[in-house]
Amino acid sequence: MSSFKLVSKFKPTGGQPEAINKLTVNLNAGANHQTLLGVTGSGKTFTVANVIERVQKPTLVISHNKTLAAQLYQEFKEFFPENAVHYFVSYYDYYQPEAYIPQSDTYIEKDAKINELIDGLRHASTASVLTRNDVIIIASVSCIYGIGDPEEYEKVATEFKIGQKISPREVARYLVLLQYHRNDFDPRQGEFRVRGDAVEIHSPSGEEITVIEFFGNSIKNISGRKIGVLNPKSYILNPIKVFPAKHFVTPRKKLELAIKNIKQELKERVGALKRTGKLLEAQRIGERTNFDMEMLHETGYANGIENYSRHLSFREPGSPPYTLIDYYRHRFGTDFLTVIDESHATIPQIRGMYEGDYARKKVLVEYGFRLPSAVDNRPLKFSEFNEKIGPVVYVSATPAEYELQKSNAEFRMLNVKHVGQASFGIHNSAFIIQQLIRPTGLLDPKITVRKTAGQIKDVIREIKKRTAKKERSLVLALTKRLAEDIAEYIQEAGVKTTYLHSEIKTLDRPEILKDLRLGNYDAIVGINLLREGLDLPEVSFIAILDADKEGFLRNERTLLQITGRAARHLNGEVILYGDTITDSMKRAIDETERRRQIQADFNAEHGITPQQIQKEIRKSLLEEANARNEEELAPLIPQGPKKEVIKALEREMKRAAKELNFELAARIRNQINKIKL
């Protein structure tokens with residue numbers, strides 16, 4: 001059995017050793033709820049990584065946004081290079097859910113653009129959970145949405161082994177049943193091709209190619225090779241388990257029964273609509289559902305198949321869907337660790353997903369766009385989520401009342417010896433563990449308040465002061481439109497800047513933050529995405545506009561989180577622009593001063609001089625994918641004069657196109673364009 005092995009040149013320091021020990025002791029004592037109250041820059045991720053190594057439990061880390069999840073994924077990959085670390089977020093670059101607006105009789109069809117890279121990462125996640133014990137998945141809140149029954153997903157997975165009596169045609173038929181598409185010209189992830197006496201399977205994760213070779217009607221050899229590795233070496237695979245290309249897969253026998261059940265529900269629904277005089281709705285649901293059933297019968301798949309998930313997995317009405325968490329439960333029971341990062345923001349997201357989804361689906365059902373069973377294709381209710389997970393650690397610099405109360409209740413229930421306490425608010429418990437001391441000795445940033453008159457010009461002056469010292473800045477606005485307008489205005493004033501908000505594509509967000517760290521931008525203007533968890537040690541200045549607009553974006557916890565983005569810099573400073581000092585502003589300032597005092601006292605007692613954080617700028621997920629593509633092209637690029645290299649590459653491009661390998665031809669073309677520049 002593989003075990004977790006943490007690899008790092010650093011050792012726990014500051015407040016980390018005590019936090020690691022307490023979390024580990026409590027988990028081993030059976031604690032199901034703990035809160036790690038760690039200030040920004042105190043190394044909470046490193047603390048959690050050490051706890052994982054000590055307790056040796058498969059782990060699910062849940063984050064409230066994809067940008068932070070990507071950052072955590074890269075960090076955990078570095079900490080656990082020998083273990084299975086995966087990234088599981090919504091695979092849509094763009095997603096418009098199906099909806100109907102009765103007031104204007106407007107039907108909005110589902111519109112989505114799937115990101116193949118992220119889809120591959122999701123498949124790699126579920127395959128690892130079902131095959132490995134040393135798995136850590138960094139997920140967004142999308143992990144509480146249905147992805148199909150893990151038992152069926154594993155059951156329909158097909159095993160092939162050397163010597164097995166089977167023909168290439170039969171293997172191809174199995175792959176089609178597993179939702180793989182045949183593509184004999186340019187196969188990609190989730191596709192296969194047949195070449196002579198060999199079947200080449202491209203895994204749904206996009207990480208591996210499996211080649212099954214035949215001698216007559218038996219398997220002679222099974223080999224695999226990694227995709228995106230320079231001069232990849234083949235390795236023998238025997239046996240090989242091929243998982244489905246899609247998560248919603250049902251065996252043919254069960255599929256036919258499911259179709260019968262769906263048609264029975266349709267019959268009952270059409271009758272009910274006609275009895276109430278809703279003839280248009282009855283006709284609509286009949287046509288839509290019958291078309292989907294024909295697709296399911298012929299191909300085993302239909303667009304919107306998730307709306308029939310309750311029937312396909314034979315669940316009872318109202319029962320929760322199968323989610324990523326069920327893959328953990330299927331393999332490990334409740335013996336896995338859940339870490340909820342930035343819990344003050346993530347818990348409300350998990351709690352609120354169900355109601356919004358139900359309201360939208362209810363209208364679709366009422367007006368004949370979906371069967372009533374479609375409402376069971378939904379996110380988990382908060383109570384269901386809590387029932388499915390095992391021990392959980394809430395991680396936040398500003399934990400909310402829910403986490404604190406759960407941790408306090410757990411402490412009282414187990415009645416364990418008091419081993420520590422926290423003083424955020426009035427809460428004290430052995431299961432609320434403070435980590436206020438940073439390994440670097442850095443203090444929380446200074447906070448000042450300024451009037452709003454002339455605030456943008458003042459912000460520009462402050463940014464330019466930091467830019468002259470090669471430091472970076474963040475500007476927090478209240479709305480997307482305002483963020484875009486401010487970014488444009490300060491750019492005209494000579495500041496290299498851009499904006500960052502939820503409409504920026506998932507994989508583009510880390511690129512923007514990386515450009516900030518590299519100095520390609522002096523500042524970034526944003527709203528919510530510049531709050532929790534972002535690790536930007538070059539940022540020394542933060543401007544919070546309209547700080548006195550009391551509300552969700554300017555409450556105590558939000559202000560503390562934003563302030564934390566400047567806590568990784570030796571000269572960290574935050575300016576709150578507001579004409580009055582609200583209660584939230586006062587509490588945030590007071591809490592920051594309290595922490596600064598504790599940190600300063602610790603430094604004085606131990607003779608610590610604060611040190612600026614130096615952190616390597618990692619490759620983003622997109623860069624890693626592009627790097628793999630370039631590595632594949634490297635053997636094709638000859639040495640020599642520029643003109644000769646271009647001619648040689650053009651020959652390779654034409655050869656690839658002639659062989660119908662258009663993807664390779666396009667990548668060679670892009671390489672030629674780079675060289676020409």
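This briefing describes the overall fold, the surface and the aromatic pairs of one protein. The model is predicted, and the protein in it has 21 helices and 25 strands. Its 677 residues would give a compact globule a radius of gyration near 26 Å, and because the protein has 27 Å, the two values agree.

**Overall dimensions and contacts**

- The C-alpha trace of the protein spans about 80 × 80 × 55 Å when taken along its principal axes.
- Of the contacts in the protein between residues at least 6 apart in sequence, 74% join residues that are at least 24 apart.

**Burial, surface and charge**

- Buried residues account for 55% of the 677 residues, while the accessible surface comes to about 30,600 Å², with 51% of it belonging to carbon and sulfur atoms.
- The protein carries 100 positive and 89 negative side chains, and the centres of these two sets lie 2 Å apart.

**Aromatic pairs**

- Across the whole structure, a search finds 15 aromatic pairs, and one of them is the edge-to-face pair of Phe4 and Phe80, with 5.9 Å from centre to centre and 75° between the planes.
- This pair links distant parts of the chain, 76 residues apart, since Phe4 lies in the segment before helix H1 (16–28) and Phe80 in the loop between helix H3 (66–79) and strand E3 (84–88).
- Phe4 counts as buried because its relative accessibility is 4%, under the 20% cut-off, and Phe80, with a relative accessible area of 1%, is therefore buried as well.
- Tyr100, Tyr107, Tyr367 and Phe369 are linked by ring pairs into a cluster.

Notes: Residues numbered from 1 in each chain as written. Predicted model: local features only at pLDDT ≥ 70, side-chain atom pairs only at ≥ 80, totals over all residues. Heavy atoms only, no water. Helix = DSSP H or I, 4+ residues; strand = E, 2+ residues; numbered from the N terminus. Rg over C-alpha atoms; globule rule 2.2 N^0.38 Å. Buried < 20%, exposed > 50% of the residue type's maximum accessible area, 1.4 Å probe, protein only. Contact = heavy atoms within 4.5 Å. Areas by Shrake-Rupley, 256 points an atom, 1.4 Å probe, with all protein chains shown as cover. Lys, Arg positive; Asp, Glu negative; His and termini not counted. Charge placed at Lys NZ, Arg CZ, Asp CG, Glu CD. Phe/Tyr/Trp six-rings, centres within 6.5 Å; stacked < 30°, edge-to-face > 60°.
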